[in-house]
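Work through these exercises with the model open beside you. Try each task before you read its solution.

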Amino acid sequence: MSFYISSAGSAVYKAEPFNITPTNMAYSGSFLPDKNEAKLNQEIPVSLMVYDSGTSSLNYTLSDFFTPEKFADKDIVQAVTLTFYDHEPT
């Protein structure tokens with residue numbers, strides 16, 4: 001997946017996914033549904049990926065992003081978030 005960000009029409013940035021090939025790891029991925037209302041000035045998780053070499057099954061949702069202690073013993077946790085501002089961020 002490629003993600004393009006336009007900055008006021010003056011620059012475009014392309015983000016490449018973190019490319020890993022975990023072996024013998026459980027994986028949980030949660031992604032934002034096709035449509036979702038964006039709230040201004042609030043961090044919005046759009047993708048959450050969790051990898052663990054343990055034996056327990058993984059089942060996470062995007063709302064788990066706000067309780068990071070749930071991931072304390074996991075091997076790899078990746079999140080992509082967006083924030084839409086109604087002002088210049090400080």
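A residue counts as buried under 20% relative accessible area, as exposed over 50%, and as partly exposed in between. At 57% relative accessibility, Asp73 is therefore exposed. Keep in mind that this is a predicted model.

**Exercise 1. Sort the salt-bridge residues**

Task: Decide whether Asp64, with a relative accessible area of 7%, is buried or exposed. Then place Lys70, at 41%.

Solution. 
- Step 1. Take Asp64. Its 7% is under 20%, so Asp64 is buried.
- Step 2. Take Lys70. Its 41% falls between 20% and 50%, so Lys70 is partly exposed.
- Step 3. Join the two. Asp64 and Lys70 form a salt bridge, and their closest N and O atoms are 2.5 Å apart.

**Exercise 2. Trace a network**

Task: How many salt bridges does the structure hold? Which residues are linked in a network of them?

Solution. 
- Step 1. Start with the count. There are three salt bridges.
- Step 2. Look at Lys74 and Asp52. Their side chains meet in a salt bridge with an N to O distance of 3.8 Å.
- Step 3. Check the cut-off. A salt bridge needs the nitrogen within 4 Å of the carboxyl oxygen, so 3.8 Å qualifies.
- Step 4. Look at Asp73. The side chain of Asp73 meets that of Lys74 in a salt bridge, at 3.5 Å from N to O.
- Step 5. Asp52, Asp73 and Lys74 are linked in a network of salt bridges.
- Step 6. Lys74 is buried, with a relative accessible area of 15%. Asp52 is buried too.

**Exercise 3. Explain a tie**

Task: Why does the salt bridge of Lys74 and Asp52 tie together parts that are 22 residues apart in sequence?

Solution. 
- Step 1. Recall the pair: Lys74 and Asp52 meet through their side chains.
- Step 2. Locate both residues. Asp52 belongs to strand 4 (44-52), while Lys74 lies in the loop between strand 4 and strand 5 (76-82), so the pair ties together parts 22 residues apart in sequence.

**Exercise 4. Classify the aromatic pairs**

Task: How many aromatic pairs does the structure hold? Describe the pair of Tyr27 and Tyr51, then that of Phe65 and Phe66.

Solution. 
- Step 1. Count. The structure has three aromatic pairs.
- Step 2. Take Tyr27 and Tyr51. Their ring centres are 4.9 Å apart and their planes stand at 45°, so this pair is tilted.
- Step 3. Find them on the chain. Tyr27 sits in strand 3 (residues 26-31) and Tyr51 in strand 4, so the pair links distant parts, 24 residues apart.
- Step 4. Compare accessibility. Tyr27 is partly exposed at 42%, whereas Tyr51 is buried at 12%.
- Step 5. Take Phe65 and Phe66. This pair is edge-to-face, with 5.2 Å from centre to centre and 85° between the planes.

**Exercise 5. Read the sheet and the core**

Solution. 
- Step 1. Count bridges. Seven of them join strand 4 to strand 5. Met49, for one, has Gln78 in strand 5 as its bridge partner.
- Step 2. List the core. Its six residues are Leu48, Val50, Leu58, Tyr60, Leu62 and Phe71.
- Step 3. Follow Val50. Beyond its neighbours within four places in sequence, its contacts include Leu58, Tyr60, Phe71 and Lys74.

How values were computed. Residues numbered from 1 in each chain as written. Predicted model: local features only at pLDDT ≥ 70, side-chain atom pairs only at ≥ 80, totals over all residues. Heavy atoms only, no water. Helix = DSSP H or I, 4+ residues; strand = E, 2+ residues; numbered from the N terminus. Buried < 20%, exposed > 50% of the residue type's maximum accessible area, 1.4 Å probe, protein only. Phe/Tyr/Trp six-rings, centres within 6.5 Å; stacked < 30°, edge-to-face > 60°. Core = buried A, V, L, I, M, F, W, Y, C linked by side-chain atoms within 4.5 Å. Contact = heavy atoms within 4.5 Å. Pairing = 2+ DSSP bridges.
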